[in-house]
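Here is my note on the model you sent over.

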Amino acid sequence: MDAGFWILQFLNATQFSMLLFLLSIGLTVIFGLLHFVNLAHGALYMLGAYIGISAAAWTGSFWAALVLAPIAVTLIGAVLYFTLIDRLRSAGPMNQVLVTFGLIFVFIDLVRIGWGDVALGLNAPQVLSGATDLGIVSYPTYRLFLIGLGAMVMAILWIVLSKTQIGAMIRASVENEAMAKALGINVGELFFAVFCVGCALAGLAGVAAAPVLSATTGMGISILIPTLIVVVIGGLGSLEGAIVGSFIVGFIETFSAAILPGLAAILTYVLLAAVLVLRPRGLLPARA
Amino acid sequence: MFFQSHARTAVLLFVLIGLVLYAATGSYFAREIVVEIAILAILAISLDVAAGYGGMVSLCHGAIMGMSAYTYAILSVKFGLPTLPSAVGGIAAAAVFGTAVGWITGRTAGIFFIMATLAFGQMAYTLIFKSRWLGGDDGMGGLDRFDLSWLGINLGDSLSFAVYTVVCLGLVYLAAAWVLRSGFGRTLSGLHSNEDRLQALGVNTVIHRARALGFSGLLAGVAGILAAQHTLYISPELLFWTVSGEILIVVILGGLGTLVGPIVGAVLFVMLKHEVSEYTNHWHMVVGLVLIAAVLAGGRGIFGQIEYWAADRRRAGKEQSAEAGDA
């Protein structure tokens, strides 16, 4: 285990953390703002990957797919919002879990009908294929691009949430919805906008992950559990929580798989249990 | 709060007798369906005790059942114990696991409870999935059914085994109804409807939650033993979280918090599954759509909705007679 090994693990962990961040930020803000448990968030990620693969095939361009897939997933999300999610907002967590669990089944079968049951790959664009020499190690260029993409989204969201008026309105609505309404914030519109951004990021994560992981019908379900763990560890509704949670889960999963393969599988669950017992509201809860 | 109304007794007996008759007159395939229904119904009753009466919507009941099945397999195959003590051990393991989860999550509620149970279930799944000693994702075989030859019963026979699972279902229902009617069951309902008030009355809510999930786990453990004895082979798939999700679907379709409803739900779920699978292999999409429709329709489930209508009519009838009395 030389320095190169550790640098590789570090990059792998960072890349996985970024993927988790793209998914968990949407989920956590929808959670915090709408009090809505969207188990179908992973299914939207799966749809992003499949739609991205088709879009890349039609247009012949990875970059077009990277833009089109999030747009398509946002449209699907908007339809869901007006048909189901808006009317389930006050229905309690169990009904939300049930309906979105049903949606997972529906989306998986729709993908099986539309794309078949085989795993599909997506080629990274020419510029990003191959590996980049980083001095001590060389690392796949596309994975470096993923890290950059995640960092960019993180920076944009941080600026929007902490420095702009929209961000202040969102934070106010998470903190105290009734008060925000009384101050004249159109909370309903704000919720819808935030929900759409969350869906777009899930779609982006799906298409961005496709060249690395290849698209399967099980990808939505398998990413859902780590994403939920990130959200609970970080604290519902908080950007900082999603960032910290993504890095904790991403690094623990990657490093324990490399160092302690026997324990790797359960370490994150142990961590989650510890957080739930010691700090049931998460490490960095949005609401004081 | 739980009441064993005459209507509930009638539906329960009707379903149990119907299942036995269906197994007795049907083919081997019909008996397999009866076994499948009985196991799913036991799981659904177990979840209804926790979710419908205790308000604890658990997504780890598949894992609890799997713990029981794996303990049964470990004790009987790896350690060579006879089947009966192995089964007792399996059920005890499920009860202990349920109690532990209930105790650790005792202070969480709502969505946090759901997530926590999801996590503990997945933890158990991953542990078993990764364990070479337990066969990993290949699962374990070489299991045995009970030897009831001293009663003149051969459980290796498909009809006997089907009847045996239905008898277990009846016993599980009796146990659940008995506990729910006890003082403990009443406390549980109180926890569900107003936890603050019970705490003010001096009730230790964490211990009650843990006990309730432990009892629910015990019932799910029975299903685990039956599942292991049914196929004589177990795999980690039993513990996966979507299994728990399916149990919740069955409870919702039948009627949450009615105890009989989950049995009705299990019958419908298994029957529908086999019917739909004849025409299409997109059975899961049908389940998803039915589930969404059921929740949007009020979420009372089939049996729950019928009870609700009946209660509504009774109320209307009483009001009418009261008005007549006034006049």
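1. Start with Leu259(B). This leucine sits in the loop that links α10 to α11 (261–279) of chain B. The model is a predicted one, so check this spot by eye. Leu259(B) has a positive phi of about 65 degrees, although it is not a glycine. Most residues other than glycine have a negative phi. Leu259(B) is also buried, at a relative accessible area of 0%.

2. Now Leu232(B). Here too phi is positive, about 60 degrees, and the residue is not a glycine. Its place is the loop between α9 (205–231) and α10 (241–254) of chain B. Is Leu232(B) buried or partly exposed? Its relative accessibility is 32%, so it counts as partly exposed. The cut-off for buried is under 20%.

3. Secondary structure. Chain B has 13 helices and zero strands. Read along the sequence, the pattern is α-α-α-α-α-α-α-α-α-α-α-α-α. The radius of gyration of chain B is 20 Å, and the globule rule gives a value close to that, 20 Å, for 327 residues; chain B is therefore as compact as a globular protein of that length.

4. Dimensions. Taken along the principal axes, the C-alpha atoms of chain B fill a box of roughly 75 × 50 × 45 Å.

5. Packing. How much of chain B is buried? Buried residues make up 55% of its 327 residues. Look at the contacts in chain B with a separation of 6 or more: 79% of them come from residues 24 or more positions apart.

6. Surface. Chain B exposes about 14200 Å². Carbon and sulfur atoms supply 64% of that area.

7. Charge. Chain B carries 18 positive and 19 negative charges.

8. Cysteines. How many disulfides are there over all chains? The count is zero. The rule asks for a pair of cysteine sulfur atoms within 2.5 Å. Cys60(B) has a relative accessible area of 0%, so it is buried. Cys168(B) has 13%, and is buried as well. The cut-off for both is under 20%.

9. What to look at again. Leu259(B) is buried, whereas Leu232(B) is partly exposed. Phi is positive at Leu259(B) and at Leu232(B).

Technical notes
Residues are numbered from 1 along each chain as its sequence is written. Chains are lettered from A and ligands numbered from 1 in the order in which they are written. This is a predicted model: local features need pLDDT of at least 70, side-chain atom pairs count only at pLDDT 80 or more; totals for chains, interfaces and linings use all residues. Side-chain values use heavy atoms; hydrogens and water are left out. Helices (H or I, at least four residues) and strands (E, at least two) are DSSP runs, numbered from the N terminus. The radius of gyration is taken over C-alpha atoms; the globule rule is 2.2 Å times the number of residues to the power 0.38. Buried means under 20% relative accessible area, exposed over 50%, partly exposed in between (1.4 Å probe, protein chains only). Contact means heavy atoms within 4.5 Å. Accessible areas come from the Shrake-Rupley method with a 1.4 Å probe; for residues, only the protein chains shown count as cover. Lys and Arg count as positive and Asp and Glu as negative; His and the chain ends are not counted. The place of a charge is taken as NZ of Lys, CZ of Arg, CG of Asp or CD of Glu.
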